[in-house]
Every structure is written in structure tokens, then in C-alpha cells.
There are 2 protein chains.
Amino acid sequence: MGGNQADPAAPDRFADDPAFAVHEGGKLSVRPTRSIESIADLALTYTPGVARVSSAIAAEPALARRFTWAPRVVAVVSDGTAVLGLGDIGPAAALPVMEGKACLFSEFAGLSAVPVVLSTTDVDEIVEAVAAIAPSFGGINLEDISAPRCFEIEERLRERLNIPVMHDDQHGTAIVVLAALRNAAKVVGRELADLRVVVSGAGAAGVACTKILLEAGVGDIAVADSKGVLHVGRDDLTPVKQWLVDSTNEAGHAGTMADALRGADVYLGLSGGSVPEAVISGMAPNGIVFSLANPIPEVDPDMAARYAAVVATGRSDLPNQINNVLAFPGVFRGAIDAGAASITEEMKLAAATAIADVVGDDLRPDYVVPSPLDRRVATAVAEAVAACAREEGVTV
Amino acid sequence: MGGNQADPAAPDRFADDPAFAVHEGGKLSVRPTRSIESIADLALTYTPGVARVSSAIAAEPALARRFTWAPRVVAVVSDGTAVLGLGDIGPAAALPVMEGKACLFSEFAGLSAVPVVLSTTDVDEIVEAVAAIAPSFGGINLEDISAPRCFEIEERLRERLNIPVMHDDQHGTAIVVLAALRNAAKVVGRELADLRVVVSGAGAAGVACTKILLEAGVGDIAVADSKGVLHVGRDDLTPVKQWLVDSTNEAGHAGTMADALRGADVYLGLSGGSVPEAVISGMAPNGIVFSLANPIPEVDPDMAARYAAVVATGRSDLPNQINNVLAFPGVFRGAIDAGAASITEEMKLAAATAIADVVGDDLRPDYVVPSPLDRRVATAVAEAVAACAREEGVTV
């Protein structure tokens with residue numbers, strides 16, 4: 001890489017952080033599944049042998065599923081507008097995150113995944129570009145695209161393509177949150193239907209978590225954005241926030257998030273910022289606090305533990321880590337194994353139950369979700385999702 | 001892959017052809033360069049460690065070259081309109097060819113390559129889609145796109161992107177043909193400038209071969225399409241054929257390809273069809289026949305050998321195989337190593353000379369180009385192309 005090599009005599013300013021060593025040269029490679037050692041190998045892998053395979057697929061397109069890699073490749077697509085907590089950092093800076101995601105698809109689900117970062121943030125152009133390249137892939141994982149654009153992009157691609165499309169910041173998070181809440185409810189001896197939940201954050205994750213919790217039967221949910229609880233009196237609502245108003249807050253909370261949290265059973269933090277002790281102490285006894293802002297949870301976990309029965313965060317150095325890696329590898333693997341044309345609401349609910357069930361009899365307040373490294377999870381999720389897809393008859 | 005599994009009791013109709021066994025499940029996989037075994041690995045490869053790398057790239061975009069995989073990944077892009085000799089078979093059927101190409105990038109140049117097949121054949125849509133995904137890649141290999149669309153697509157993408165873009169059916173072929181002709185001229189003791197060449201075929205390969213032969217100093221070239229030699233009297237010419245008329249055929253041939261071949265030194269067949277013995281026997285003594293149609297050369301090689309001093313084909317089971325794999329892996333590797341923003345004419349000429357030079361003192365009539373498996377070639381080409389790029393100062 002001579003054109004850009006640093007002065008070899010200069011000290012490397014990245015030497016002290018092992019994260020940079022792990023990223024040197026990138027984190028992925030594409031390799032042939034069989035090596036090419038002879039003219040005979042070349043004549044089978046490439047011309048003239050490949051022409052017989054291409055001809056067979058041209059005559060019978062379903063054979064592409066068997067004789068090409070595409071059905072088992074997920075595109076991890078981002079425009080770099082909402083990357084981790086870093087915001088709109090653009091495609092090049094988003095790449096390490098997408099490469100990391102691709103590593104996890106490989107490690108946990110045995111799927112190939114290709115980062116696709118985009119030079120445009122225009123919704124129409126993104127939809128057109130992804131639709132144009134879709135025949136190359138078996139699934140589309142949308143990632144780190146800012147709200148509310150992410151909703152429209154996902155919806156339009158789902159309508160247009162007959163392969164699984166999922167915006168992971170929405171649905172991956174929602175699946176794992178539901179899995180964790182199922183088990184947390186068991187820990188405190190409650191039913192989902194009886195819980196009063198406050199969701200802090202009405203972005204991609206907040207919307208999807210609210211939706212899946214409603215589908216799972218949670219009785220009472222209030223959603224707050226930075227201006228307070230979403231309610232019928234608000235006149236500053238995007239279409240998706242209007243949908244939230246229509247679907248939640250039957251109790252009619254109209255004040256701040258802190259007001260709504262008084263006497264609530266569950267706090268679900270998806271927003272960043274900081275929630276003071278006086279607010280958490282006002283929740284109902286035996287409460288549940290999921291504080292998922294990274295790297296600094298909205299609620300100090302030690303403080304939360306003095307009031308709540310179950311505390312979960314997004315941090316890898318604390319128990320009960322709510323991490324999307326519990327969901328997306330198995331969800332895509334299951335959908336792909338079943339030949340599903342889309343990822344349905346039932347498939348997401350099945351995934352959440354499968355994740356919760358891996359915990360099984362080991363359930364404890366500090367173990368409501370499996371470890372992100374637990375290799376049983378992706379298999380269990382894939383099986384549950386594939387079974388659901390076959391029952392629903394959405395297989396191709 | 002339950003949704004599409006064949007009846008296990010049925011005999012497999014593909015069992016007799018080893019090409020299908022080689023393609024079972026596809027020919028590529030994407031894998032992490034480092035495995036993820038611990039929470040610490042996860043925290044460096046993915047969150048929170050990856051955020052530090054993304055932040056660094058956001059602040060200093062040139063760091064993407066060091067800390068992401070993109071600069072060393074080539075997209076192999078096709079709309080499936082001109083696949084091998086099969087024609088317009090569509091994206092799914094084109095995939096095995098693109099996967100094969102990606103295998104060769106890996107095997108011969110150590111580059112990752114990702115097949116990108118497109119659901120559109122519209123020039124504008126292709127240009128927009130490739131431009132949109134370009135930040136994901138370090139180079140774009142256009143492949144098997146029909147003429148004349150391929151010329152406009154390549155030209156517009158070259159203008160728009162600051163990474164190497166090359167339509168291999170044009171320039172890969174041209175580079176190897178020039179390499180072979182350099183050595184064939186040596187075998188017969190002639191200078192390129194003194195040769196009279198007839199090119200049969202005015203598609204992607206014919207145009208690019210003619211262009212590079214002119215640049216290399218070949219004195220007299222006549223180009224024929226299916227209607228005969230291109231000349232000033234023709235009124236049915238596309239813009240690129242008009243360019244050929246303006247640039248070639250100083251002798252003013254106006255008849256058939258066979259007419260022009262009378263007394264010519266070189267036949268370059270890029271068209272298919274069949275050339276009879278009476279035509280080949282009318283070429284000048286000590287002639288050169290490159291008959292590259294696959295799998296059946298335009299000129300029977302045994303017959304050609306009775307008249308010509310050097311015979312080359314595209315076939316792997318005959319000597320002097322003119323195969324693009326001698327060019328594209330090294331060309332992209334060299335351009336990428338040097339950080340070149342494009343692949344220039346000088347870089348292609350340098351690649352051709354490097355390929356010819358690998359033959360060296362072993363030059364014989366039946367050994368004017370190296371074997372496609374000769375591992376020295378890609379290294380030599382990459383070094384020559386990178387050196388040329390650095391001299392030209394096109395490095396990023």
C-alpha cells in the first residue's frame with residue numbers, strides 16, 4: 001500500500017489502542033471455498049465449466065439457490081447517518097462497524113456478509129441502489145440509518161424485494177429487549193400484560209421496541225421523546241410518532257418522561273442522557289430498568305439496583321447485556337434456511353422467545369438474557385425463525 | 001436450505017458434471033480475519049472499540065485506507081447482458097461467472113472481490129447504483145455488460161469515481177492480446193509498427209484491442225464487424241465504430257473481413273463464426289493467428305498452423321491461451337497498491353509488457369504468453385502497474 005505508507009521512522013500514534021491493531025487492513029476477507037491449483041480446476045471454476053452452470057440457471061432460475069453463494073450472503077447496508085452513538089459520520093467512517101457486523105454474521109450464523117456503505121443519504125437513491133444490487137444477496141441488513149428515513153427505506157425495500165430485509169437498529173434491538181423483558185417479568189413474577197412500561201426515545205429502536213412489546217401483549221406503554229411523553233395534544237409529530245400516539249399511552253400521560261415513570265414497572269432507555277435517582281426511586285417496587293444507551297447508560301446501574309429487581313444495560317462489562325448480536329445472526333440464518341421472502345412480525349416474536357428460552361432454568365435477576373458469546377443462541381433463534389417461516393408459508 | 005431441498009430419493013441430474021459439484025453452495029465465502037472468542041474480542045471488533053476507529057476515520061478520512069478492508073476489495077459488477085458466449089442471461093445466471101472472477105482475484109492477487117449483479121440494464125440506473133455503493137470498494141471490475149452500453153457505463157463511472165474502474169472484457173482482453181502480439185512479433189522477427197492487422201469483431205473486446213494496438217504503435221489495422229470492414233463509406237455506425245473508422249483503416253479497405261485479410265500479417269478473431277482455410281491461406285507468409293472465440297475458435301487451430309507461424313486461442317487445452325486472468329488480478333492489485341485513482345492507458349501498456357516479459361528467453365511459437373496458472377504473472381503485472389501509477393502521479 002505504498003502510496004499512503006506512513007513514515008516508518010515516525011512512532012505509530014495508534015499503537016496504544018488495541019482496537020486499531022484489530023482493524024489494521026480491515027477485518028474481513030473473501031476467499032474461494034475451493035482452491036484453484038490446476039488448469040482442470042480453472043476450467044471448472046471459471047470458463048468453460050462455469051458456462052454450463054450459468055446456462056442451467058438461465059433455464060431454471062431456482063437453481064441459483066443451490067449453485068451460487070448469493071442466497072447465503074447478507075448485505076450490511078448503511079449510509080453512515082446514525083452510527084453507534086457517533087451520529088452522521090459518513091460511509092467511510094461507518095465501514096468498521098459494518099465490517100464488525102459482517103464478522104458476527106460469520107462467527108455466529110455461518111453466513112457470509114458484505115458491508116455496503118453508500119455515498120448518498122437520499123431515500124429514493126438508497127432504495128434504488130439497494131434494489132439494483134439485490135440479486136447479489138440473500139438478505140439485506142439495514143444498519144445505522146437515521147430516523148425517520150430508516151422507516152421509509154425499510155418499508156419500501158420490504159415491499160420491493162422478495163428477500164429478507166431488516167433494519168437491525170429497529171428490530172434486532174426490539175427482539176432482544178422483548179426476550180429480556182419476558183425473562184425479567186418471570187423474575188418478578190409478573191405477566192407482560194400487567195406491566196406499565198415507559199419507553200424513553202422515539203427513534204428507530206424506540207419505535208420498534210414499542211411495536212414488538214404491543215404485539216407481545218404489554219398492557220400499558222408510554223413513549224417519550226426529548227420533548228416529553230407522546231400524547232394526543234402534541235402538534236409536532238412525525239407520521240411514525242403519530243402512530244405511536246394512536247397505539248400507546250391509554251393512560252393519557254402528558255408531562256415529562258419522569259412524570260410518566262412515577263409508579264411505572266419498567267423503564268426502557270433508548271435515548272442517552274441521564275435519569276436522576278429521584279426519578280428511579282419513584283418507580284413501582286420490584287421494577288425493571290433496561291438502560292441501553294452506550295457507552296454510558298441513562299441510569300447508573302449501581303443506583304438502579306438499589307430500587308429495581310432487574311437491571312440490564314448494553315455494556316459488555318456488566319451482567320444482562322442487551323446486545324443485538326443475540327438476534328440478527330439467527331434471524332437471518334433462519335429466514336434464509338427456510339427460503340423466507342421476508343421477516344415477519346411472527347418471526348421476530350419467535351426469535352425473542354427462543355432467546356429467552358436459552359436462559360431456561362438458570363434464570364436469575366442478573367441473568368435474564370444469554371451471553372452474546374453463547375453459541376446456542378443463534379442456532380435456537382434460526383430454528384425458531386425457520387419453523388415460523390415454514391408455518392406461515394412465506395417460503396420461496 | 002429446507003425450503004428448496006430436492007426429493008432426497010430422486011437421482012441428482014447434475015451428478016455427472018463436475019462443474020456443478022464445484023458450484024454447490026457457491027464458490028466464495030466472507031470470513032473474519034481474526035476470530036471472536038471472548039467478550040474482549042467482541043469489544044474490540046465491535047462495540048465499544050470499533051467506535052474509536054470510526055471516530056478516527058471520521059476525523060481523518062485517509063485512515064480508512066489503513067483501518068478498513070474496502071481499499072483491497074474489488075466489486076465485480078455485471079448486469080448479465082453479455083455473459084461469456086451465452087448472451088443476455090440476467091443477473092442470477094451471471095453470478096457463477098462473477099464468483100469465478102472473484103475466486104481468481106483472491107487466488108492470483110490476494111485481493112478480496114465481491115460479485116455485484118444488477119436487477120437493471122438501464123445505463124443511468126447502473127451508473128447511479130455503482131456510484132452509490134462505491135465507498136464500499138477499492139476498485140470496480142465491470143464484467144459481461146453488452147456493447148455499446150459498456151462503453152458509456154465505464155466512461156461515466158471513470159469520470160465520477162476516484163477508484164480504479166475497468167471493464168475487463170475490453171481492457172483485460174486488450175492487455176493480454178498486446179502481450180501475446182509483442183512476443184509473436186519477436187518470434188517472426190517483426191516490429192509492431194510493420195504489421196498489418198485485421199480485427200474481426202467491433203464489440204467490447206474489438207474496440208479495446210484496436211485501441212491498445214494503436215497505442216502500442218501497430219501500423220495498419222482494419223476492423224470488421226458482421227457487415228464487413230469499417231470504412232468511411234459506411235452509414236450504419238455507432239459512435240464508437242465511427243471512432244474506429246476515424247482511427248484505423250488507412251489503406252481504405254471497404255469489402256469483407258476476408259478481403260481485408262488477404263496479405264495481412266495478423267488475424268485477431270473476437271467475433272465467433274468460422275473462417276475458411278481459403279481465407280487463412282491468403283494471409284502473408286509467417287503470419288499470426290489469434291482466434292479467441294470460445295469454446296470454438298473462428299479458425300481451426302490445426303488448419304491455421306499449416307499457414308501461420310504463431311497460433312493462439314482462448315482454449316485451456318491448447319498452447320498460447322489468451323486468458324484475461326493474466327491481466328486483471330495484477331492490474332487491480334498494482335493500481336490498489338499504488339493508491340491509483342484510475343487505470344490509465346500507460347498502466348495497461350505496462351501490464352502488457354510485464355506479461356510478455358514473463359515469457360522471457362523461453363519464447364517459442366507455442367509459448368508467446370505465460371500459462372494462466374503462472375503465479376509470477378500477477379506479481380510482475382502488479383509491480384509494473386504500480387510503478388507506472390507512481391510515475392504518473394495519479395496516486396491518492
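Helices (H or I, at least four residues) and strands (E, at least two) are DSSP runs, numbered from the N terminus. The model shown is predicted: local features need pLDDT of at least 70, side-chain atom pairs count only at pLDDT 80 or more, and totals for chains, interfaces and linings use all residues. Residues are numbered from 1 along each chain as its sequence is written, and side-chain values use heavy atoms, leaving out hydrogens and water.

**View 1. Chains A and B.** A rotation of 180 degrees with 0.0 Å of shift along its axis places chain B on chain A, with an RMSD of 0.0 Å (least squares on the C-alpha atoms of residues with pLDDT of at least 70 in both). The two copies are thus related as by a two-fold rotation axis.

**View 2. Surroundings of A:Ile140.** A:Ile140 is among the residues with the most contacts inside the largest nonpolar core, which has 266 residues. Such a core is a set of buried Ala, Val, Leu, Ile, Met, Phe, Trp, Tyr and Cys residues joined through side-chain atoms within 4.5 Å; buried means under 20% relative accessible area (1.4 Å probe, protein chains only). Beyond its neighbours within four places in sequence, A:Ile140 is in contact (heavy atoms within 4.5 Å) with residues including A:Val77, A:Leu161 and A:Phe332.

**View 3. The second largest pocket.** A pocket is an open set of points on a 1 Å grid over the protein atoms alone, where a 1.4 Å probe fits, with protein on both sides within 12 Å along at least five of seven lines; lining residues have an atom within 4 Å of a point. Of the 42 lining residues, B:Leu84, B:Gly85, B:Leu292, B:Ala293 and B:Asn294 lie nearest the centre. The largest share of the lining, three residues, comes from α9(B).

Methods:
Chains are lettered from A and ligands numbered from 1 in the order in which they are written. Buried means under 20% relative accessible area, exposed over 50%, partly exposed in between (1.4 Å probe, protein chains only).
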